[in-house]
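Hi there,

Here is the structure I promised to hand over. Please open it first, and then read my notes below.

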Amino acid sequence: MNNDGRGPAWANSLFEDNAEFGLGIRLTVDKHAEMARELVQKLASTIGDDLVTGLLNAKQPDEAGIHEQRNRVVVLKQKLAGSKDPDARNLLSLADNLVRRSIWIMGGDGWAYDIGFGGLDHVLASGKNVNILVLDTEVYSNTGGQMSKSTPRAAVAKFAAGGKPLAKKDLGRIAMTYGNVYVAQVAMGHSDLQTIRAFLEADAYNGPAIIIAYSHCIAHGIDMAKGMVSQKAAVDSGHWPLYRYNPALALDGKNPLKLDSKPPKIKFEDYAYLETRYKMLTKSNPEEAKRLMVLAENDVKKRWRWFEDAAKEWDATTPAGTH
Ligand SMILES: Cc1ncc(C[n+]2csc(CCOP(=O)(O)OP(=O)(O)O)c2C)c(N)n1
């Protein structure tokens, strides 16, 4: 909370309806804002033309714009205070909704990739202005490290004691296929600047946005005091490409995809074997560890090539970014 008593309001529902719950809050806020705008118009003679115009046409892309709108709402409330008119009283209770609100939906990979994926997909396809943050630990952490669809090939997890045989699901690429969804992949330990950029862009984007954040975890079998070292190695190996896909750029005929990390400079295994989740298979089943590591390295190369190509080539006639 800041000195004015303002800050994020938090609510949580169930694991399986997290995305839908957040969408419901978005729809409610939008409806209240619409009702407030109608009342502002209805009460224009009491409120005064200048304030009505200011309130209804306010651009609020950033903090400065939001601050100005908050000041207008203060003046509006002063004008309405004490009125017995039911419309004025109604507007008083709705007026705060005239200030833009960001809605953030947060959860882990078990939620986003698996159990809550149907809901997440529905919310992405809604076109509504919500932001989604996936804290991707590549396992179900809270319940003790079970495999999710985000677990990379060759990593050992509960239900994948012999090493995960299949490649990691690529949630970012799935989201990108919609064309009107802002998508970013970030790793604070590699670039805090790129992370901040992604958050600001996601928030400013008028539509659904999803940020997938590499989240080191005790279940990886690492020294948690050195989590940022793992984050950096994940990016340097190409396992975790940093990128931002902003459909707003496509509307200007530009390539919406920006690859923010450099080509792999260490091998995938140089990153993976920093972590017990990969290393333990070399002890329990060295042959299988070798076999899976070759396939995992190939997963990384293939994914990297896809991102590199997509960031270079852009067909400006593709009508992405429309919603
Ligand atoms: C529908 C449902 N299934 C299972 C659970 C049990 N559960 C609680 S937390 C959790 C793991 C969550 O994993 P993830 O989404 O990756 O988040 P993390 O713990 O990694 O932050 C599970 C399976 C639940 N609460 N609801």
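Which element gives the most to the shell around the ligand? That is helix α6, with four residues; helices are DSSP runs of H or I with at least four residues, strands are runs of E with at least two, and both are numbered from the N terminus.

Before the rest, a word on the source. This is a predicted model, in which local features need pLDDT of at least 70 and side-chain atom pairs count only at pLDDT 80 or more, while totals for chains, interfaces and linings use all residues. Residues are numbered from 1 along each chain as its sequence is written, and side-chain values use heavy atoms, with hydrogens and water left out.

**Around the ligand**

The ligand has 13 residues around it, and G110, W111, T137, S141 and N142 come nearest; a residue counts here if one of its heavy atoms lies within 4 Å of the ligand. Both α6 (109–115) and β3 give two or more residues to this shell. By class, the shell holds five nonpolar, six polar and two charged residues. In that scheme Ala, Val, Leu, Ile, Met, Phe, Trp, Tyr, Cys and Pro are nonpolar, Asp, Glu, Lys and Arg are charged, and the others, Gly among them, are polar.

A polar backbone atom of G110 is 2.7 Å from a ligand oxygen, and a backbone N or O atom of W111 lies 2.9 Å from an oxygen of the ligand. For N142, the distance from a backbone N or O atom to a ligand oxygen is 2.7 Å. Taken alone, the ligand exposes 590 Å², and the protein buries 65% of that; these areas come from the Shrake-Rupley method with a 1.4 Å probe.

**Salt bridges**

The model has 20 salt bridges, each being a side-chain nitrogen of Lys or Arg within 4 Å of a carboxyl oxygen of Asp or Glu. One of them joins E138 and R277 at 2.9 Å, N to O. E138 sits in the loop between β2 (131–136) and β3 (139–140) and R277 in helix α13 (residues 276–284), so this pair ties together parts 139 residues apart in sequence.

Are these two residues buried or exposed? E138 counts as buried because its relative accessibility is 0%, and R277 is buried too, at 4%. Buried means under 20% relative accessible area, exposed means over 50%, and partly exposed lies in between (1.4 Å probe, protein chains only).

R277 also forms a salt bridge with E275, with the closest N and O atoms 2.7 Å apart, and E275 is buried as well. D136, E138, K168, E275 and R277 are linked in a network of salt bridges.

E138 has another partner: its side chain and that of H239 are joined by a polar contact of 2.9 Å. Such a contact is a pair of N or O atoms within 3.5 Å; within protein, one must be able to donate a hydrogen and the other to accept it, and residues adjacent in sequence count only if both atoms are side-chain atoms. H239 is found in the loop between α10 (227–236) and β7 (243–245), and it is buried because its relative accessible area is 2%.

Elsewhere, D203 and R100 meet in a salt bridge of 3.6 Å, N to O. D203 is in helix α9 (residues 192–204) and R100 in the loop between α5 (86–94) and β1, 103 residues apart. R100 is partly exposed, at 23%.

Enjoy exploring!
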